[in-house]
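Thank you for coming; I would like to walk you through one model, slowly, and to say along the way how each term is defined.

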Amino acid sequence: MALAQRLDLRQAQTLVMTPQLQQAIKLLQLSNIELSDFVDREIEQNPLLERESGPSDGGSDPVSNGDAPGGLDGPGGGSGEGLEFGGTLAESLNGRDDGPGLPPSDGRTRDTVEMTSSDTMGSSSESPLDTDFENVYSDDRFSDGSDGGNEVYGSYNDRGGRSGFEDDDSNLEATLTGEKSLREHLTEQLKIDLPDHGDQLIGLALIDMLDGAGWLVGFDAGILAEQLGCAVERVERVLAACQRFDPAGIFARSLKECLAIQLREKNRLDPAMEALLDNLDLLAARNLAAIMKVCGVDAEDVADMVSDIRKLNPKPAMLFDHTPAQLVTPDILMRANPGGGWLIDLNPDTLPRVLVNHRYFAKISDVAKNKADKEYLTEKFQSANWLVKSLHQRATTILKVASEIIRQQDAFFIHGVSHLKPLILRDIAEAIGMHESTVSRVTTNKFMATQRGVFELKYFFTSSIQGADGQAAHSAEAVRHRIKTMIDAEKAEDVLSDDKLVDILRAEGIDIARRTVAKYREAMKIPSSVQRRRAKMSRM
């Protein structure tokens with residue numbers, strides 16, 4: 001073995017992630033809203049990119065993406081000018097050579113999935129922003145003409161800061177007040193009930209420590225007293241005063257204290273009720289016999305006490321500062337085809353339309369003299385073209401994946417969740433000829449609006465449960481739905497145990513273990529059969 005240095009040439013094939021490929025992968029996993037933000041940042045950095053702001057005027061448009069796939073012509077028979085990145089993707093998947101058709105349905109025509117995206121072409125014509133101001137106001141009384149000397153209408157400055165009679169366009173919304181926040185509501189009470197400024201300072205600190213439910217979770221009076229440089233007794237006294245504020249139950253340190261504050265205000269906090277609050281776990285378990293023994297009351301008194309507790313609000317802060325749930329903007333729109341099957345589109349309201357300004361590139365290329373400027377323009381032009389191609393490829397891939405999901409879950413859209421089929425990423429990847437990682441990126445954070453609601457694409461991928469015959473498989477989501485349906489329909493005298501649910505499901509051809517039924521039931525926050533029986537009996 002020679003121990004010497006030498007130079008060797010080797011030829012090998014390796015997979016290299018180019019920046020362009022990395023960008024395409026990144027775009028694929030973005031939602032339309034996130035993609036729009038990304039495109040805005042690219043437009044700020046690239047002078048050759050711009051958004052399409054409206055329909056074209058039918059003539060030759062200087063903005064185009066020229067190199068976008070599809071070979072579509074622009075408006076007016078141009079050679080690709082004004083073409084949107086998505087182009088027209090309308091295509092019937094039935095009868096095409098590059099994809100399987102939908103299976104025929106019983107009593108219906110052969111299903112088709114039409115994949116479309118917005119095909120508006122061209123950039124917008126210029127808005128008439130050069131309107132002559134002389135054509136806006138025709139009333140001479142408001143002009144600066146010479147005939148306004150004896151005019152009774154005055155301007156804001158002429159009235160010494162007061163609006164004149166001609167100001168009939170006053171904004172009424174400016175006089176409205178918004179909803180009062182919890183902090184504002186508590187601060188007002190703090191200033192009235194605690195006139196001492198030191199106590200107000202302690203009260204403001206307590207307000208800042210409230211959580212979303214209005215509780216002081218993990219509160220330590222000693223730590224707060226040390227921070228504010230006061231006695232612990234003073235903090236406790238201010239806290240006791242704040243616990244009398246509206247809404248009742250605010251500033252509680254636990255569920256027991258929250259309920260006790262509200263019951264004290266209603267004059268219902270007697271020794272029996274205090275004993276019940278000390279044993280809330282028995283109430284949660286519906287153990288009425290143990291509650292009667294602990295509280296020393298009969299069944300009628302327990303029913304009244306439970307009724308009083310049900311009227312209380314364990315989260316008093318939820319009455320204020322309510323943040324509405326964030327609406328999900330679907331990336332894909334699905335609707336029924338009148339001729340049978342389904343139509344699927346990318347949401348045009350959130351889909352960014354990016355155009356490359358070829359005319360501007362040609363104009364500034366002629367002006368550029370030095371090498372650095374030309375290299376900069378070439379780099380930006382190539383980057384813009386690649387972004388347009390990546391967006392077009394992203395739209396095509398999303399529509400392919402979504403259309404295949406609709407094919408696979410056709411029974412779900414027709415009959416409901418009980419007909420949801422088991423589906424994994426590999427099933428979609430093999431059907432459309434793509435890798436599983438690509439399908440995973442497409443289905444991440446993408447939502448589809450259907451006639452049954454808005455669902456994330458991940459929703460349609462569920463694990464399978466073996467059928468009792470050893471062949472048929474059932475979707476786990478469909479099984480969970482079946483369990484919930486049976487429990488909702490049960491009666492107080494015939495509550496279904498987990499074992500009974502297993503027997504019913506096996507009779508329906510679903511081979512499932514008891515622990516799996518219990519896991520699904522607990523995931524849906526459904527109590528056990530014993531707790532459900534107690535709850536139903538207490539309502540009778």
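Let me begin with the elements: helices (H or I, at least four residues) and strands (E, at least two) are DSSP runs, numbered from the N terminus. What you see is a predicted model, in which local features need a pLDDT of at least 70 and side-chain atom pairs count only at pLDDT 80 or more, while totals for chains, interfaces and linings use all residues. Residues are numbered from 1 along each chain as its sequence is written, and side-chain values use heavy atoms, with hydrogens and water left out.

On confidence, pLDDT being the predictor's own score for each residue from 0 to 100, the protein chain averages 74, and 73% of the residues score at least 70. Over residues 55–170, however, the pLDDT is below 50, although that stretch has 191 contacts in the model beyond near neighbours in sequence, a contact meaning heavy atoms within 4.5 Å.

Now to the pocket, which on a 1 Å grid over the protein atoms alone is an open set of points where a 1.4 Å probe fits, with protein on both sides within 12 Å along at least five of seven lines, its lining residues having an atom within 4 Å of a point. The largest pocket has a volume of about 380 Å³, volume being the space filled by probe spheres set on the points. It is lined by 17 residues, and Leu-283, Ala-284, Arg-286, Ile-309 and Arg-310 are the closest to its centre. Helices H7 (255–265), H9 (280–284), H11 (299–310) and H20 (529–539) each supply at least two lining residues, and H20 gives the most, with 5.

H11 also takes part in a helix pair: the axes of H10 (residues 288–295) and H11 come within 10 Å and cross at roughly 100°, where axes are lines fitted to C-alpha atoms over the stretch in contact and angles run from 0 to 180 degrees between N-to-C directions. The two are therefore roughly perpendicular, the word we use for 65 to 115 degrees. Leu-288, Ile-291, Met-292 and Cys-295 in H10 meet Ala-299, Val-302 and Met-305 in H11.

A second pair, H17 (residues 476–489) and H19 (residues 514–523), packs at an angle of about 75° with axes 10 Å apart, so H17 and H19 are roughly perpendicular as well. Here Ala-476, Val-479, Arg-480, Ile-483 and Ile-487 in H17 meet Val-517, Tyr-520 and Arg-521 in H19.

Finally, the backbone: the peptide bond from Asp-246 to Pro-247 is cis, with omega near 5°, and Pro-247 is found in the loop between H6 (232–242) and H7.

Key
Parallel < 35°, antiparallel > 145°, perpendicular 65-115°, else oblique.
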